[in-house]
Structure formats: structure tokens, C-alpha cells
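Please open the model in your viewer and keep the selection panel at hand. The tour below goes from one selection to the next and says what is found at each.

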Amino acid sequence: MSEPWKVSLHGGHSGDFCEHGSDTLREMLDAAVEYGYSTFGVTAHPPATDPKFLYEEEVEAGLSVIDLAQKFNDYSATCAELVSQYSDRIEILRGVEVEVVPESSFAESAATLRIDYNLDYVVGSVHWVDEMPFDTSQKDFDKALANRGGLELFLLRYYELVGEMIEQVRPEVIGHLDLPRLFSEGRSELDSDSVMKAVYTVLESAKANGCILDLNVGALSKGLASPYPAPWTVQLASEMGVQFCFGDDSHSVAQVGAGIEAGRAYLLEHGIETITTLTRENGTIVKKIVPLR
Ligand SMILES: [Zn+2]
Ligand SMILES: [Zn+2]
């Protein structure tokens, strides 16, 4: 059944436009309708602008930066068509999940994508530190850590990059705020004094820039104990008045809607009674507060 709080602002990565996704975008949207989403944000990964930022599976598929640019172009056109085809059943938003690479020009790339493709909104995520991917495998994670001199130093740089991304890109949504937990869950550095301070600074910036935090339930399907972000961060964000919205981070039909109920219970447990979503109103995208019960 459709409920107003059944919203995902991060996901819809399909096999059509993403090498590590499966199922077609149309199949994913059908699944989103079936789950009862009121709004489903599709946030494709951006095309790499330099071959050194291609993901392993893109290299294996023999894709070039030109192919990826073409694919993003196709995504944008296809998704725009689907937005209107599905509009009587579900509100689909057409977005992108931007990156922080290259570090010298990511903000320009994000702005270009937003404008050139007239996207509804942007999710800002950090998947690279020192231009090294860290959420792709434990091995990649350990390599990125070694490069920084350990987990705490890595985390401090990670949150610094999140802060720079917020200030420079001003995304509507901040993706999976404590993503490094994926390969470091339970380690004490995650909530050391200096890391907590860094998170506080990021949250202040999120609040000042009106960003919504992605309560990303994809963490659950990856075996983590709680969604991103961790309980203490949810608590802190809530005390600071930073808003949340759900993201299923779906990369297949099976992941569409999975974990959203658990995410709702998680927010309610922390005393959070509303989420903030995005919706189309008179041709523009506006924020909307939705009760969780
Ligand atoms: Zn992905
Ligand atoms: Zn992501």
C-alpha cells in the first residue's frame, strides 16, 4: 500500500545504465510502484570524466569515458520519458549521485550535469578519498587507509571532503553519510572525539545549506547493524535539526523498497517523527515534510 512516507531519494541504479546494477530501469520503476512508493528518486552514477576514475567493472566491460557520457545521455532521456509515462502511478524524480573526483574539478562537473541535463536534484556522495575508491572492496578500503596512515586520519579526510562537497556542490541530499562503516563497522575510530567533531562540522554545514541526509537502508542488505548513518549521528543530526529522507540505494528490483520499514522504525526509535522529501510543484522541485505515522 502506498504511504506518504514511502519515499526513496537515492537509488534506482539499473542494469541499463550502471555496470554493477541489474534489471532494467523500467522493471525497477514497476517494482517501485508495486512497493507503494509515493516518490522514487532515480540517481544514476555520473560518467567518469577521466579514464583513471573508471570502475573495475566498467574497464572489464571495455567502456571508455565517451561511452559513459553517451550512457548518461541515454539515461537522462529515458528517465525523462519514464517520469511522464509513470506520472499517474508514482512520482519519479530524475537525479544523479555525484562524486568528488577529480578533486580539482568535481564541483564544476556536478554543476554541468545538473544544468546540461536539467536534473531534478543532486545527491552528493563521497566514494573516493585521495582519488582512491574505498567502498568497492575491503582491499581497496585498506589501501585507501594505508595511504592516509590509518582509519582515523582517513575518516578525518573523508569528512573534510564531505564538507567541501556540501559547500561546493550544494546537493539537495547527502548520500550515506558514514559510508566508511561498510568496511570498518565496530571500530573505535568511527566515533573518536576528533571524528565526532568532524561529523558535527559536516552536520552544521548540511544544516546551513539546507541539505537532507540520506537515511540509507542499503547498509542493512550489506550486513551492517544499522542504516547509514549510525545511531549517534542520527541522534546528533536530529538534535541539530538536520532533516532525513530514506534511500534504498537499489541496484536491482529485489532491493527496491527493501529495508524502508526498518529505516522508518529506526528514525522513530530516535524520536524522529518526520522526513523531508522532494516533490515537483508547478514545474519546480520543492521540499515537503511528511509524517512518519
Ligand atoms: Zn552503484
Ligand atoms: Zn553511493
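**From the sheet to its helices**

Begin with the seven strands, which form an open sheet in the order β1-β2-β3-β4-β7-β8-β9 with parallel pairing (strands are DSSP E runs of at least two residues and helices H or I runs of at least four, numbered from the N terminus; two strands pair if DSSP finds at least two bridges between them). β1 and β9 stand at the edges with a single partner strand each, so one side of each has no neighbour in the sheet. This is a predicted model, in which local features need pLDDT of at least 70 and side-chain atom pairs count only at pLDDT 80 or more, while totals for chains, interfaces and linings use all residues. Residues are numbered from 1 along each chain as its sequence is written, and chains are lettered from A and ligands numbered from 1 in the order in which they are written.

Next select β8 and β9, which run parallel and are joined by four bridges; leucine 215 has phenylalanine 246 of β9 as its bridge partner.

Now move to α10 (residues 260-269), whose buried residues are Ile260, Gly263, Arg264, Tyr266 and Leu267 (buried means 20 or more other C-beta atoms within 10 Å of the residue's own, exposed 12 or fewer, partly exposed in between, with C-beta atoms placed from the backbone). The buried residues of α10 pack against β1 (7-8), β8 (212-216) and β9 (244-247), contact being C-beta atoms, placed from the backbone, within 7 Å. On the face turned away from that buried side, α10 carries the exposed residues Ala262, Ala265, Leu268 and Glu269.

Key:
Two residues are in contact if their C-beta atoms, placed from the backbone, lie within 7 Å.
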